[in-house]
Amino acid sequence: MTVAATTAAAATAPDPAVRRRGDFTNVARAELAKLRTVRSTYWTLLVAFAANIGFAVLAASLIAPRLGARDRANVDVVRLALAGLHLSQIAFGVLGVLVITSEYSTGMIRTTLAATPRRRTLLAAKALVLSGVTLVTATASTFAAYLAFQAALPAGIFAGTSWSGPGVARAVFGGGLYLTALGLLGFGLGAVLRSSTGAIATLFGLLFVPPLLLDLLPGSWKSAVGPYVPMESGGQVYIAVHYDPGSLGPWGGFAVFCLYAAAAALAGFALINHRDA
Amino acid sequence: MIEVTALSKRYGAVTAVDGLTFTVPGGAVTGFLGPNGAGKSTTMRMVLGLDAPSAGSVTVNGKPYAGYRRPLREVGALLDAKAVAGGRTAYNHLLWLALSNGIPRSRVAEVLRQVGLATAGGKRVGGFSLGMAQRLGIAAALLGDPPVLMFDEPVNGLDPEGVAWIRTLLRALAAEGRTVFLSSHLMSEMALTADRLVVVGRGRLIAETAVADLLATGSGNYIRVRTPEPGELGALLTARGATVARESDGALRVTGTTADVVGELARVRGLGLLELSAQQMSLEQRYLELTRDAVEYQTDALAPTAAPTPK
């Protein structure tokens, strides 16, 4: 027993050669390493960039020149430029889902929870790393998209498209914020449902079904409920000037959208300690 | 040391683990045996805190698993080698594990070399054979240099060289004073590797014993004697209270005494001995005997072909 005790002490005593890092930092570094070392991360980001930039160029070269004078006055330039967000939001949402559900689908969750038995710490680290990576890449993609839009835009169609135009910088940055919150929404759904297909289907449902349903509702319902549905509320943050009628405004709408993401994430946090791996 | 106390786990109406109590000591290899569905994997998952017990407790070196800040430095476990993200390389899989517990990166290359995967570090895990995936899982268990090691079917898929290597590795780890706990269905390997055994069936403890003790008490153990004077020796032994039977090849099958007594008796009476050996039931036979009534998934009854017993 003495041999065992000595060996145990020797094996668990901190190695003085290793810099002591906080536990959370360790988990976060591990989660970042996980994200960096799978191809799906890079494919997802590639799709997102291609969608944002590609649609920006299309909008600038095909849609903008064909707008009538009245449309030109009413269309929001940044919203037009960031048309690709409808597609890239899927990419970022799926990225958020996969960050958590891939662990369950491969069975690696058991290895992960053996390495980090403190489950809420694990989820928090995943959420933090996901948000950080998404914020940086999504914002880069929206800025790149807007630059591409400006470059491809024939001269003289719009006024106020420069970076100093009203709400432009905020809206472009808001596009990055929207995609980040969307990634977290996917993450929360994935943590609750623990299934890739289930979470992605639910994400699609939350985003695309309410607008369809709203069109079936009487007008009073539509104007009361409409501004609060996920895509409608969150979508205001990447509009520079011409908000939808009756909308909650960019930051009000984004706050509501963040509530959706927070609700999903908090549900995930609540459930993870009460279920077997 | 792993201490399991009155551990139970119920899934709805099914009781997978039922009041298990046993101890896995340091400095020895302890085998965890039981039929399929006996609750071995469930028990191991509860040791690691993956499943919450319905009742009872399990501690590792005095603390529950979740109480350790850097658990990989305390317990190294291999539960399911194929439960890895296939798109990652072997090196990257071990890298995130090392980072999560503050283990130096240099350990990754070290353990890859130790398990014989030094050249496969850059290959994607999804393309690994079962044997390679097992080796990677073993590498992951060794990563934190832990005093407690837990393996679920470690020799699954390994070639003979790998099987021999694992046996040597486990015995060396136990000799260093570490706690080695492994479950396996490969009885012949278990007999060579384990010092102690915990046998479970239908979620309950059937036996907790040393391997040597288990083998020594086999009901089918006997002494095999070949002598030019079988009738005379047989009569002498029967007079001393032993039971003697004749084998088909003319040898005597003696129970109720020891080989030493038989040999001494022959020497004293001037009888020739051509062969004198103590025949033990194999671990497989002893195990099947113990768990006959506890098998969850019973196959159709066939006459079992007992593996030849080397002794």
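What share of the 311 residues in chain B is buried? Buried residues account for 43% of chain B, a residue being buried if 20 or more other C-beta atoms, placed from the backbone, lie within 10 Å of its own. The model is predicted: local features need pLDDT of at least 70 and side-chain atom pairs count only at pLDDT 80 or more, whereas totals for chains, interfaces and linings use all residues. Residues are numbered from 1 along each chain as its sequence is written, and chains are lettered from A and ligands numbered from 1 in the order in which they are written.

**Figure 1. Overview of chain B.** Chain B has ten helices and 13 strands; these are DSSP runs, helices being H or I of at least four residues and strands E of at least two, numbered from the N terminus. Its C-alpha atoms fill a box of roughly 75 × 45 × 40 Å along the principal axes.

**Figure 2. The three-stranded open sheet of chain B.** The strand order is 2-1-4, with antiparallel pairing; two strands pair if DSSP finds at least two bridges between them. Strand 2 (14-24) and strand 4 (55-60) of chain B stand at the edges with a single partner strand each, so one side of each has no neighbour in the sheet. Five bridges join strand 1 (residues 2-11) of chain B to strand 4 of chain B, and B:Ser8 has B:Ala55 of strand 4 as its bridge partner.

**Figure 3. The four-stranded open sheet of chain B.** Here the order is 11-12-10-13, again with antiparallel pairing. Strand 11 (243-246) and strand 13 (275-279) of chain B are the edge strands; each has a single partner strand, so one side of each is left without a neighbour in the sheet. Strand 10 (residues 222-226) and strand 12 (residues 252-255) of chain B are joined by three bridges, and B:Arg224 stands opposite B:Arg253 of strand 12.

**Figure 4. Nonpolar cores.** A nonpolar core is a set of buried Ala, Val, Leu, Ile, Met, Phe, Trp, Tyr and Cys residues joined through C-beta atoms within 7 Å. The largest holds 155 residues, and B:Leu94, B:Leu136 and B:Leu143 are among those touching the most other members. Helix 9 (residues 168-193) of chain A supplies the largest share of this core, 15 residues. Apart from this core lies another, of ten residues, including B:Ile223, B:Val225, B:Leu237 and B:Val262.

How values were computed: A residue is buried if 20 or more other C-beta atoms lie within 10 Å of its own, exposed if 12 or fewer, and partly exposed in between; C-beta atoms are placed from the backbone.
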